[in-house]
Amino acid sequence: MEHVNAPLRRYLNDEIDWSARLIGIKGTRGVGKTTFLLQYAKENYGPSNRHCLYVNLNNFYFQGHTLVEFAGKFVEDGGQVLLIDQVFKMPNWSQQLRACYDSYPALQIVFTGSSVMRLKEENTEIGGIVKSYNLRGLSFREYLTLQTGITFPVFSLQDIISNHELIVRQILQKVTPSVHFKNYLHHGFYPFFMEKRNYSENLLATMSMMIEVDILVIKQIELKYLTRIKKLFYELAINAGKAPNISKLAVDVDTSRATVMNYIKNLADARLINIIHPVGEVHPKKPTKIMLHNSNLMYAIYPINVELHDVMETFAVNCLWKDHKVNQAAHDKHFIIDEEIKSRVIDAKRQTKTRTDANTIYFRYNTEVGAGNQIPIWLLGFMY
């Protein structure tokens with residue numbers, strides 16, 4: 001804890017019910033789950049307080065001891081809060097957590113896991129008792145706080161639609177968003193951009209780990225299928241923003257259509273892609289569009305092929321997905337938010353060539369301000 005340098009208090013801190021006895025924090029690799037745990041411990045207990053303990057299940061100690069045994073010794077020594085990192089590294093981890101929950105009623109457990117884990121839907125041991133939360137990558141708001149030291153409020157989508165002109169004026173008094181927005185789209189989603197390492201190389205390695213560990217290990221897929229999943233991801237990435245041709249993808253990666261659809265769902269669970277369906281349809285129906293999960297991935301995979309409009313649509317959809325549903329009909333440029341709000345991403349510099357209507361919300365890029373139903377797209381980055 002003494003070495004934790006966390007200049008930003010993450011949004012999730014205020015969304016969690018910290019009174020719960022079993023709390024699961026899911027998130028993709030690189031979004032800062034370990035730092036989040038240590039920051040919580042430092043903020044609430046401090047390095048010298050022995051009532052709270054952080055442990056990583058990568059530790060070889062757990063090759064010879066169970067989690068229940070470890071937790072029991074901790075409780076005997078006066079332990080109250082156990083912070084467990086990478087819980088899926090232990091076989092039968094959910095049974096062990098349940099046993100700890102039942103055996104030590106005075107112990108609170110907060111654990112981290114991969115975004116591909118289904119804690120409530122697929123887990124009979126802890127599904128009924130765990131409080132599950134998702135830690136996302138940095139929002140544009142959080143990135144601005146790191147870069148400027150200024151803390152900005154969070155706004156709901158309805159706040160933004162109704163009051164964006166006033167909100168923008170207040171923000172512009174403190175910062176010029178355009179100075180930072182381009183950098184955020186390129187390298188601001190994952191907190192490790194602050195490390196003195198090549199960001200793109202680090203992100204590529206992180207993406208490989210998402211597939212090799214988060215998908216293969218947790219979903220129990222044989223290693224021999226790794227190259228197929230990686231090839232599928234690459235094909236989806238270079239054609240992101242388009243309707244996928246499932247039959248062609250099946251031929252390209254030498255597998256069946258059903259398997260391709262399963263792999264696509266796994267890639268979405270790992271937060272590598274976002275799947276867009278028409279209103280009323282869900283997986284395993286064929287999606288109308290597949291996008292990369294965030295714009296940073298686009299620049300890491302194939303930087304010479306990045307189109308600005310695709311980047312902006314990827315940013316908008318990723319922001320909206322946290323608390324809203326996003327759908328799109330085939331061959332339609334409009335996104336439908338929560339099955340009722342019609343929206344579209346447009347370039348403010350080319351707006352004279354775009355026919356607009358009063359029943360659509362327009363998220364505009366290449367501008368810092370908006371008016372009426374036309375909203376500067378960067379403001380979507382203030383929703384968490």
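Rings of Phe, Tyr and Trp (its six-membered ring) pair if their centres lie within 6.5 Å; planes under 30 degrees apart count as stacked, over 60 as edge-to-face and the rest as tilted. By this rule, the count comes to 20 aromatic pairs.

A word on the source. This is a predicted model, where local features need pLDDT of at least 70, side-chain atom pairs count only at pLDDT 80 or more, and totals for chains, interfaces and linings use all residues. Residues are numbered from 1 along each chain as its sequence is written, and side-chain values use heavy atoms, with hydrogens and water left out.

Now the rings. A pair of aromatic rings is described by the distance of the centres and the angle of the planes. Take Phe-152 and Phe-382. Their ring centres are 5.7 Å apart and their planes are at 75 degrees, so this pair is edge-to-face. The pair links distant parts of the chain, 230 residues apart. Phe-152 is in the loop between helix 4 (140–148) and helix 5 (157–172), and Phe-382 is in the segment after strand 12 (374–376). Helices (H or I, at least four residues) and strands (E, at least two) are DSSP runs, numbered from the N terminus.

Is Phe-152 buried or exposed? Buried, with a relative accessible area of 3%. Phe-382 is buried too. The cut-offs: buried means under 20% relative accessible area, exposed over 50%, partly exposed in between (1.4 Å probe, protein chains only).

What does Phe-152 touch, not counting residues up to four places away in sequence? Arg-141, Leu-144, Thr-145, Ile-171, Lys-174, Val-175 and Phe-382. Contact here means heavy atoms within 4.5 Å.

Phe-152 and Phe-382 also belong to a cluster linked by ring pairs.

Next pair: Phe-192 and Tyr-199. Centres 5.3 Å apart, planes at 40 degrees, so tilted. Phe-192 and Tyr-199 are both buried.

On to helix packing. Helix 8 (residues 226–238) and helix 10 (residues 257–269) pack at about 75 degrees, with axes 10 Å apart. Axes are lines fitted to C-alpha atoms, for helices over the stretch in contact, and angles run from 0 to 180 degrees between N-to-C directions. Helix 8 and helix 10 are therefore roughly perpendicular, a label for angles of 65 to 115 degrees. Helix 8 contributes Arg-228, Ile-229, Leu-232, Phe-233 and Leu-236 to the contact. Helix 10 contributes Val-260, Tyr-263, Ile-264 and Leu-267.

How values were computed: Parallel < 35°, antiparallel > 145°, perpendicular 65-115°, else oblique.
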